[in-house]
Structure formats: C-alpha cells, structure tokens
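Dear colleague,

I am passing on the structure below, and I would be glad if you looked through it alongside the notes that follow.

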Amino acid sequence: MSEPFLQVSDITYRYDHAESFSLAKQSFSLGQGKLLVILGPSGSGKSTLLQLVAGLLRPNEGTILMGGKPINHLPPEKRNLSMIFQKPYLLPFLTVGANVEIGLKIKGLPARERKMKAEQMLKDVGLEGFYDRPLASLSGGQEQRVAVARSLVIEPQLLLLDEPFSQLDPLLRRQMGSWLSEMKQLWNIPMIMVTHDREEALTLGDRFMILRDGATVQKGTLEQIYYEPAGRWAANFMGLDNKIEGMKRGSKVRTVLGELEVNPNCAHLPDGPVDVVLRSEWLQMDSSSSIPATIESSVFRGPFTDIKVNVSGETVVIKQLGLAAYERGLETGIRLDPFHVWCLSKEMT
Ligand SMILES: Nc1ncnc2c1ncn2[C@@H]1O[C@H](COP(=O)(O)OP(=O)(O)OP(=O)(O)O)[C@@H](O)[C@H]1O
C-alpha cells in the first residue's frame, strides 16, 4: 500500500489567551483523492486543526508531512494547498474570470494561459460561459463555485474546506453537496472538510474524525462512525435515536426486542448489562409481529413520520417513510430486520 499523502502526527496547539482550550496530540492521515470530514460541536477545535494544516497557525508540537516531506516550517503560500471558507471572499469589482485567475496572476502566468485555465476550470465547476460575467450577477451557489474554481485552478495538492456551504439555503446546500461529491472523483485531490451538517458529512466523507474539547472522540470510516459509535457521547452526536437496555452473553444480547446478534466488532465487551444501539431505520411497524408495541406519539416530519412506541417499558423510535398517522395508545407491533447490533458497556462515556 502506498504512503498516505498527508500525515499529521501528534500535533498540539494552545492559544495564548485561551487557557481552557488546547488541541491535544492529534494525528490522522489522508490518501490521494480522499475526503476527511472533521466533525464536532462548536468550539471543539475543528477550525484550529484546519488552520494548523493550512499553516495559518503553527503547532506547539508534532509534525505534518505532505507527500512525505515535513511542512511545519512552511508558510501557507508555500504549502501548495487551497482553502475555501464559509464566505467566498471574491473581489466584487472584478469579473468571474478575473477572480478565478488571481492565483495564476500571482504565480506570473501569461494572460492567454491564465484565461485558458480559468475557462476550463469554470467549465469543470459547471459555470461554462461565465468568464466575462460581472460577479454581481451570480447567485450564492454560483459564487461559491467561483471560489472553488479559484482555489483549484492553481492545482493545489490539498484542498481545505471550512464549512463551505453553510451560508447557502438548505436546498442549494444539498445541491452543492451532491455536486462536490461528483467532483471529488473528477479532481482526485485529497480534501479536509469541516462541517456542522451531519447529512453533508455523511454524503461527502470517506474518513471521519469527531472532535470534542480539542480531543478526538472517534476516527474511522462511514460505517464505523454511523453504526459503531465509540461511546454514548459519539452516539448522541451522530444522531442516534435508540438505545435500549440489554444483557450481553457472548455473541448474543437479550433485549425487549428478543435475543439479538452482537456486532463482531464489539463482541469483546465483557458480558453483562449493556446499552444496545439501534438505528431507527432498522425497525418497522408491523401489526402481525410477535413484538407488541403501544404507540406513544407519531409526528409527521416531511419525508418520514417519527413514531415513538413503548415496548415492554422501553421507548423505541421508528422512522417510517411518508405520512403515517397512528393514534396514541394504539396496540400494534414492531419488527426488527435481522442484523448485528452495536453494544456500549455501562462504563463507556
Ligand atoms: N484566536 C484565538 N484566540 C484565542 N482562542 C481562540 C482563538 N480562536 C479560537 N479560539 C478558541 O479555541 C477553541 C476552538 O476553536 P475553533 O474555532 O477551532 O472551534 P470550532 O470547532 O471550529 O468551532 P465552530 O464550530 O464554532 O467554528 C474555542 O474555545 C475558541 O474560543
């Protein structure tokens, strides 16, 4: 296997005037064409970590290697990377083309070559024919694409995205997320993205890192952070809606939903009482099921209905596609599609 393109090892950082916060010994690596998403609540250190990679901050300890070479000592402009922020920060008095060409101008490329590259890049971001357009005529999503084109036209080796779509309305934000997901394959450059938006993160990320108070709570693949939370906090942060009591014995766990198979990756947990983590999408309403359930509430949320049922004293949440109206108190049943469940021991925070 080839070496990862970016290797961040044990970096720490303390702000001069923020005694309560420090980024402690963070490490991660990133391969070519992969997108790492950094998630975490406000103030957890996501932007700090991104700025350390960008060179806008210098780590107190630790090393950052890019393409196998240390870059700790290099200023941002020598790191061969581009950063995209929440706001596009374009120059409003210039045309789209002139904005895209800024980096190439600084590099000293002749005008003809600049124009050729800028036009090609605008085509790649879906803005063909926009070269001569005044910036004022663009929508928010188009402006952010211009910012992406400006960042990519200089052919950076790494792209850093700090909540790039957070200023856009929800629909446009989703469209931009899908677009970036397609572009990711075309560009094949490693990217690190900071976002608060879980859906956006899950759509785009290949690797994930969840931060809390300057420390990593969990690192891993989509499957790991979504289905195998490292603890209760990580489970809640990833929007987990069901945690039920269980009694684990070997590869099985006894619950109000019957005896379930334990995910092999948590089979090492000691036998005894555990919390069983269930994704609501694994559960279905089923009046013919042998698991009796009483409706507690049913709330329509657009694409799905959020149904809370009581099963032998435990509340279980089910998300059913579309509109479903269940009356409170109705006696029915639920079904759990067979799969391996994730367990958290009582000690895990
Ligand atoms: N320039 C600074 N000087 C002192 N403290 C800072 C500075 N910048 C950030 N901090 C503090 O460092 C901590 C981490 O900030 P950071 O911006 O990295 O968090 P974040 O996870 O990106 O938050 P958000 O999601 O709100 O952008 C916070 O407690 C913040 O107040």
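Ser137 counts as exposed because it has 10 C-beta neighbours inside 10 Å, where exposed stands for 12 or fewer other C-beta atoms within 10 Å of a residue's own, buried for 20 or more and partly exposed for what lies in between, with C-beta atoms placed from the backbone. The residue belongs to the loop between α3 (111-124) and α4 (140-152), and from Ser137 to Val96 the C-alpha to C-alpha distance is 9.6 Å, although 41 residues separate the two in sequence.

Please keep in mind that this is a predicted model, in which local features need pLDDT of at least 70 and side-chain atom pairs count only at pLDDT 80 or more, while totals for chains, interfaces and linings use all residues. Residues are numbered from 1 along each chain as its sequence is written.

The protein is divided into domain 1 (6-227) and domain 2 (241-345), with bounds that come from an automatic or database domain assignment, and the centres of the two domains, taken over C-alpha atoms, are separated by 39 Å.

Six strands make up an open sheet of mixed pairing, in the order β6-β7-β8-β3-β9-β10; helices (H or I, at least four residues) and strands (E, at least two) are DSSP runs numbered from the N terminus, and two strands pair if DSSP finds at least two bridges between them. At the edges are β6 (81-84) and β10 (215-220), each of which pairs on one side only. Strands β7 (residues 158-162) and β8 (residues 191-194) run parallel and are joined by four bridges, and Asp162 has Val194 as its bridge partner in β8. Strand β9 (residues 207-212) pairs with β10 in the antiparallel sense over five bridges, with Gln218 in β10 as the bridge partner of Ile210. In the hairpin of β9 and β10, two residues lie between the strands, and Asp213 takes a positive phi near 50°.

As for the ligand, the residues around it include Tyr15, His17, Phe21, Lys46 and Thr48, a residue being near if its C-beta atom, placed from the backbone, lies within 6 Å of the molecule. This shell divides into three nonpolar, eight polar and one charged residue, where Ala, Val, Leu, Ile, Met, Phe, Trp, Tyr, Cys and Pro count as nonpolar, Asp, Glu, Lys and Arg as charged, and the others, Gly among them, as polar. Among the buried residues of helix α1 (residues 46-54) are Lys46 and Thr48, and just after α1, Gly55 takes a positive phi of about 95°.
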